[in-house]
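Visitor: I have a model open here and would like to talk through it. Could you start with a loop and then work towards the middle?

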Amino acid sequence: MGNDSISKTFGVALALCIVCAVVVSSAAVILRPTQEVNKLLDLKSNILASAGLLKQGVSIETQFEQISTRVVDLETGRFTDAVDAASYDQRKASKDPAMSVALDPKQDPAKIKRRANYATVYLLETEQGIEKIILPIKGYGLWSTLYGFLALESDLQTVAGIGFYEHTETPGLGGEVDNPRWKAGWIGKQAYRQGEVVINVLKGKVDMSREGAESQIDGLAGATLTTRGVDNLVRYWLGDEGFRPLINQLKAGEA
Ligand SMILES: Cc1cc2nc3c(=O)[nH]c(=O)nc-3n(C[C@H](O)[C@H](O)[C@H](O)COP(=O)(O)O)c2cc1C
């Protein structure tokens, strides 16, 4: 068959397509388990980082051994064994009508539409009890849903840290939620006062000389909408629809 023949041209193109398709799909299948492992490692690293526990030079797996993963029933605020903590996927559950509740827009400041009935929380425990608790948080900013973790100290009201591991806010504006300096401003702030959620992300800077500064966080410059989104989602997850029942149970020693 001549090199200029139409059937040879199509034949070569078809053979190339088949070879490429086989290579690409084999790579996708072969690499999937590695991708899953790396995704889990990344999540663990974010959990540790949000609580200020991430150390360089020690494997994530080793560091995560000190963390216990528990599932909490958000309605009662009690830990539950109804689902397996290691395999429970809260993100998947929040899309499943059998595993989540639909939120009325008036009761949905974080704009998440549905909230899973169970949430996965992470605990750093010592003989004295809980040293840190790391709570998953999510909510809408300007362009995207932000997914992250908020960590509390052993008093269950002082913020140990915050971090978002997924969002598509604009770099330099809403994307400044990832700025280590802004995140450092959360550490030591008071999330609750006399059981009430008092943490508040301001539009603008915190005036440290004013009353309430101990529970206020600087807003993100030029990103009022992301700032408001973060304020809404943090207050939602610390509130009655989120982890407040758990915090109350833990304080009473009954979770
Ligand atoms: C290209 C572009 C990207 C923007 N990204 C963000 C963002 O990620 N987060 C945000 O809050 N505002 C973002 N803004 C700015 C908002 O539109 C808005 O002006 C800003 O939140 C300030 O609101 P204010 O004027 O009420 O203070 C962006 C604006 C432009 C033009």
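Guide: Let us start with Leu 156, which is found in the loop between β7 and β8. This is a predicted model, and in it Leu 156 has a positive phi of about 60° although it is not a glycine.

Visitor: Is Leu 156 buried, exposed or partly exposed?

Guide: Leu 156 counts as partly exposed, because 17 other C-beta atoms lie within 10 Å, and a residue needs 20 or more to be called buried.

Visitor: Which residue other than glycine has a positive phi near 50°?

Guide: That is Gln 194, whose phi is near 50°, and its place is in the loop between β9 (192-193) and β10 (196-197). Gln 194 is exposed, because it has 6 other C-beta atoms within 10 Å. As background, most residues other than glycine have a negative phi.

Visitor: OK, on to the sheet. What's the strand order?

Guide: The open sheet has six strands in the order β2-β1-β5-β6-β7-β8, and the pairing is antiparallel. Its edge strands are β2 (78-79) and β8, each of which pairs on one side only.

Visitor: How many bridges join β1 and β5?

Guide: There are seven bridges between β1 and β5, in the antiparallel sense, and Thr 69 stands opposite Tyr 122 in β5.

Visitor: How many residues sit between the strands of each hairpin?

Guide: The hairpin of β5 and β6 has two residues between its strands, whereas the hairpin of β6 and β7 has four.

Visitor: Why is β6 described as largely enclosed?

Guide: Nine of the 12 residues of strand β6 (residues 129-140) are buried, so the strand is largely enclosed by the rest of the structure.

Visitor: Which residues touch the most other members of the largest nonpolar core?

Guide: In that core of 49 residues, the ones touching the most other members are Ile 134, Leu 135, Leu 150, Ala 151, Leu 233, Val 234 and Trp 237. The elements that give two or more residues to this core are α1 (6-50), β1 (67-73), β5, β6, β7, β8 (159-166), α5 (224-238) and α6 (244-251). It is α5 that gives the most, with six residues.

Visitor: What is Val 234 in contact with?

Guide: Leaving aside its neighbours within four places in sequence, Val 234 is in contact with Ile 137, Leu 150 and Ile 199.

Visitor: Now α6. Which of its residues are buried?

Guide: The buried residues of α6 are Leu 246, Ile 247 and Leu 250. Seen down the helix axis they fall within an arc of 100°, so they line one face of α6. These buried residues pack against β1 and β6, and just after α6 comes Gly 253, with a positive phi of about 70°.

Visitor: Last topic, the ligand. What's around it?

Guide: The residues around the ligand are Leu 142, Trp 143, Glu 169, Thr 170, Leu 173, Gly 174, Gly 222, Ala 223, Thr 224, Leu 225 and Thr 226. By class, this shell has five nonpolar, five polar and one charged residues.

Conventions:
Residues are numbered from 1 along each chain as its sequence is written. This is a predicted model: local features need pLDDT of at least 70, side-chain atom pairs count only at pLDDT 80 or more; totals for chains, interfaces and linings use all residues. Two strands pair if DSSP finds at least two bridges between them. A nonpolar core is a set of buried Ala, Val, Leu, Ile, Met, Phe, Trp, Tyr and Cys residues joined through C-beta atoms within 7 Å. Two residues are in contact if their C-beta atoms, placed from the backbone, lie within 7 Å. A residue is near a molecule or strand if its C-beta atom, placed from the backbone, lies within 6 Å of it. Ala, Val, Leu, Ile, Met, Phe, Trp, Tyr, Cys and Pro count as nonpolar, Asp, Glu, Lys and Arg as charged, and the others, Gly among them, as polar. The arc is that of the directions from the helix axis to the C-beta atoms.
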